Amino acid sequence: MARKNGKDGSGSPSDKAADKAAETRSQAGWRDHPPSFAGWARAAIAGSGTAPSLSPHLHPVLPPAAPGIVTVEPGRSVDLATIDPGATGGLDKGQAKAALEAQRARIKLLQEKLYAERRRSLLVVFQAIDTGGKDGTIRNVLEGVNPQGCRVWSFKVPSAEELDQDFLWRYHLRTPGRGLIGVFNRSHYEDVLVVRVKGLVPEETWRERYGLINDFERLLTLSGTVILKFFLHISKDEQKERLEARLADPEKHWKFDPADLVERKSWDAYQTAFNDALARCSTPYAPWHVVPANRKWARNVMVAQTIADTLEAMDPRFPEPREGLEGIKVPD
């Protein structure tokens with residue numbers, strides 16, 4: 001809304017009061033007392049330099065993914081059948097444990113800096129077919145990360161309340177705030193995958209969602225959230241082995257769902273849906289990374305290295321210390 005000017009052209013008394021209030025709150029730290037008036041944006045931008053630019057030209061410079069990962073080039077088609085799910089990216093299983101520990105250490109340190117800096121955030125999205133390894137990847141890669149600065153959200157069948165909103169509503173509620181790493185175990189892509197394969201919405205509805213998803217991710221990016229999207233790629237034979245392993249081990253029976261066998265019958269339909277989602281929603285600011293995931297030890301290292309490299313490229317830094325700390329003595 002355009003501002004109405006006073007007689008002197010400098011703004012009405014109410015506008016001047018709002019500006020003064022914004023300046024006061026900015027000096028005090030607007031995060032502790034969020035402005036509730038129209039001048040909140042000015043206060044945020046002025047507040048300790050914490051608000052990222054909303055310039056439409058602000059896109060993160062993302063590093064390449066780890067060797068072995070296939071990044072979907074924006075605007076190009078993709079065929080998962082041509083990507084080897086057993087690839088290791090040159091990794092050796094004997095060295096994988098040490099390599100994973102090294103990447104975890106990098107993530108832990110960089111996450112601490114990201115949390116302390118409190119200017120940007122990282123959203124890590126995982127998608128896969130059933131038994132693809134989302135839970136195991138998250139557990140192994142983020143081991144040791146301070147839970148205070150990391151949130152993991154698993155999206156299952158939407159509730160009645162969620163169904164009453166637009167399809168992106170429940171996902172936007174869970175996007176990470178500044179300083180946080182957010183992890184989506186399944187994500188907004190379910191609304192162009194499972195709903196498509198099961199015919200839950202008309203084709204014209206799910207087709208339109210590709211563009212809406214790209215807009216959603218661009219909004220997050222322009223607001224200071226870097227997005228990493230991993231598709232964990234396994235073969236049909238590997239899925240069969242994993243399902244059989246769950247049946248063979250009583251301690252894993254809780255993980256077996258007979259519905260997985262029904263979903264397995266739609267393997268080809270899901271592969272087609274994944275191909276389209278990866279191609280239509282891989283953008284310069286939020287590309288899709290296809291991770292060969294048959295070998296769990298290789299998968300974990302590739303994902304961990306990509307997350308660590310991305311955090312390093314974001315270059316989070318600890319805030320400058322307060323002045324005069326060297327002269328402070330802690331009393332007995």
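User: How many salt bridges does a search of the whole structure find?

Analyst: A salt bridge is a side-chain nitrogen of Lys or Arg within 4 Å of a carboxyl oxygen of Asp or Glu. Here, the search finds 17. Keep in mind that this is a predicted model, where local features need pLDDT of at least 70, side-chain atom pairs count only at pLDDT 80 or more, and totals for chains, interfaces and linings use all residues. Residues are numbered from 1 along each chain as its sequence is written, and side-chain values use heavy atoms, leaving out hydrogens and water.

User: Okay, which residue forms a salt bridge with Glu-312?

Analyst: That's Arg-106, with the closest N and O atoms 3.2 Å apart. This pair links distant parts of the chain: Glu-312 sits in helix α12 (residues 296-314) and Arg-106 in helix α3 (residues 93-117), 206 residues apart. Helices here are DSSP runs (H or I, at least four residues), numbered from the N terminus.

User: And Arg-196, is that one buried or exposed?

Analyst: Buried means under 20% relative accessible area, exposed over 50%, and partly exposed in between (1.4 Å probe, protein chains only). Arg-196 has 18% relative accessibility, so Arg-196 counts as buried. Arg-196 forms a salt bridge with Asp-276, their closest N and O atoms being 2.8 Å apart, and Asp-276 is partly exposed at 22%.

User: What about Arg-317, buried or exposed?

Analyst: Exposed, at 54% relative accessibility. Arg-317 forms a salt bridge with Asp-315, with 2.7 Å between the closest N and O atoms.

Technical notes:
Helices (H or I, at least four residues) and strands (E, at least two) are DSSP runs, numbered from the N terminus.
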